[in-house]
Amino acid sequence: MKDTEKHNFVQGVNSEGKSLDEVNGSVEVPTNGGFWKTLMAYTGPGILIAVGYMDPGNWITSIAGGAQFKYKLLAVILISSLIAMLLQAMSAKLGIVTGKDLAQLTREHTSKAGGFILWLIAESAIMATDIAEIIGSGIALKLLFKIPLVVGILITAADVLILLLLMKLGFRKIEAIVATLVAVILLVFAYEVALSDPSIAGILGGYIPQTDIVTNHSMLYLSLGIVGATVMPHDLYLGSSISQTRQLDRSKPNDIARAIRFSTIDSNLQLFIAFIVNSLLLILGAALFFGTNSSLGHFVDLFNALSNSQIVGAIASPMLSMLFAVALLASGQSSTITGTLAGQIIMEGFIRLRIPLWAQRLITRLLSVTPVLIFAIIYHSNEAKIEDLLTVSQVFLSIALPFAVIPLVMFTSSKKIMGEFANRAWVKYLAWLVTAVLIVLDIYLLGQQIGEMIG
């Protein structure tokens with residue numbers, strides 16, 4: 001048997017139609033290694049998932065939550081993170097057991113026309129996510145290097161081609177680069193929060209849900225914004241694909257069970273890091289901006305506030321502002337990598353369009369850059385006006401989320417598709433409850449956002 005044929009047999013899936021074919025099954029895992037050695041082999045995909053839960057689109061909401069309501073909304077971040085852990089574990093399991101990603105399976109269970117419509121919805125979600133990343137990266141480049149915003153946006157369109165080079169180096173290199181960028185974000189905000197001297201008792205108390213989160217209309221609206229911005233549709237497609245980067249013999253149930261176990265641990269550990277980052281953002285808002293009546297609706301507002309002693313007190317300095325911009329750039333760049341991979345998964349899975357990788361990634365990126373670039377030109381690079389696109393992007397995410405979550409719960413609960421690895425009864429019912437809550441929240445948010453846009 002030739003090596004390539006042997007590899008395909010071990011994978012248990014024909015190489016034709018594999019998700020992310022160039023990296024599918026490319027990472028070796030020990031078959032008889034100890035716990036820590038095996039965990040290290042499976043560690044990586046989770047960090048690519050986690051960046052979607054701490055991308056620039058979440059920043060304003062989390063910091064504003066702290067600035068307006070101090071530590072009370074930390075409980076919302078905790079609940080959102082637990083929901084993310086549940087859904088992403090199911091997503092990884094789907095890919096490991098079936099050898100197909102969520103987009104491929106959804107397409108298989110719909111008509112050709114239905115698959116095309118679902119692709120348009122999923123592609124809109126990718127564009128919406130990309131918009132936040134492009135805006136964040138473009139503004140960060142302007143704040144750090146005084147690069148005109150239009151030029152910065154064009155740079156973000158070109159940087160996606162770097163991913164082609166990274167893919168040549170191997171998927172583990174991509175995981176390492178994203179992990180480094182996430183470490184930068186974590187360290188920057190940990191340092192800034194430490195300087196802000198927050199109340200430890202207030203933080204611990206904030207993780208306990210309080211009734212006024214529901215009874216206070218303003219607090220409820222911001223809480224819904226935090227939850228709505230946390231669960232990203234593209235991450236569910238991405239998770240079902242990159243969980244397949246580890247080599248696996250699907251003819252052995254024990255190997256599948258082990259892959260599910262370690263992939264779930266990896267996912268939960270990395271999402272815990274995202275939970276820490278989002279908590280730090282809210283704590284920073286509470287410690288520095290609560291009671292100051294500062295306008296913190298845009299990235300530039302936050303950048304300026306951190307160097308204004310009248311707002312943040314004695315710790316104010318240009319260095320704090322620059323560190324914020326560095327973290328913003330790191331967040332935008334890490335999210336760029338994962339968003340582009342998700343775009344390829346969705347394009348190949350839904351419409352089965354296989355074109356050269358450079359063209360795939362450039363098309364996906366240009367679809368997202370174009371509206372931001374048009375806004376930048378129309379509003380003469382006014383950052384505040386351009387950031388208003390974030391509101392529009394949240395509308396697309398709200399529309400797209402049910403079309404990713406519902407199939408995910410259906411497929412992972414189906415014994416016909418998952419066999420013995422189908423969701424247990426309590427997981428299935430909990431997942432449907434979470435899905436119903438997310439849909440209700442998104443419908444409410446969608447109505448509010450449309451009302452604001454019309455108003």
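How exposed is Glu-108? With a relative accessible area of 41%, Glu-108 is partly exposed, a class that lies between buried (under 20% relative accessible area) and exposed (over 50%), using a 1.4 Å probe and protein chains only. The model is predicted, so local features need pLDDT of at least 70 and side-chain atom pairs count only at pLDDT 80 or more, while totals for chains, interfaces and linings use all residues. Residues are numbered from 1 along each chain as its sequence is written, and side-chain values use heavy atoms, with hydrogens and water left out.

Glu-108 takes part in a salt bridge with Lys-100, at 2.7 Å from N to O; a salt bridge here is a side-chain nitrogen of Lys or Arg within 4 Å of a carboxyl oxygen of Asp or Glu. Lys-100 counts as partly exposed, at 30% relative accessibility. The structure holds four salt bridges. Another of them joins Asp-212 to Lys-72, at 2.8 Å. Because Asp-212 lies in helix 12 (residues 212–215) and Lys-72 in the loop between helix 4 (56–69) and helix 5 (74–98), this pair ties together parts that are 140 residues apart in sequence. Helices are DSSP runs (H or I, at least four residues), numbered from the N terminus.

Glu-175 and Arg-246 also form a salt bridge, their closest N and O atoms being 2.8 Å apart. Glu-175 belongs to helix 10 (residues 171–196) and Arg-246 to the loop between helix 14 (233–242) and helix 15, so the pair links distant parts of the chain, 71 residues apart. Both residues are buried. Through shared partners, salt bridges join Arg-172, Glu-175 and Arg-246 into one network.

Asp-266 is buried yet has no salt bridge, and Arg-246, its nearest side chain of opposite charge, is 6.3 Å away. Instead, the side chain of Asp-266 reaches the backbone nitrogen of Gly-46 at 2.7 Å. Beyond its neighbours within four places in sequence, Asp-266 is in contact (heavy atoms within 4.5 Å) with Tyr-42, Thr-43, Gly-44, Pro-45 and Gly-46.

The largest nonpolar core has 135 residues, a core being a set of buried Ala, Val, Leu, Ile, Met, Phe, Trp, Tyr and Cys residues joined through side-chain atoms within 4.5 Å. Helix 15 gives the most to this core, with 16 residues. Among the members that touch the most others are Trp-59, Leu-73 and Phe-324. Leaving aside neighbours within four places in sequence, the contacts of Leu-73 include Ile-213, Met-219 and Leu-282.

Technical notes
Lys, Arg positive; Asp, Glu negative; His and termini not counted. Polar contact = N/O pair within 3.5 Å; in protein donor to acceptor, adjacent residues only side chain to side chain. Helix = DSSP H or I, 4+ residues; strand = E, 2+ residues; numbered from the N terminus.
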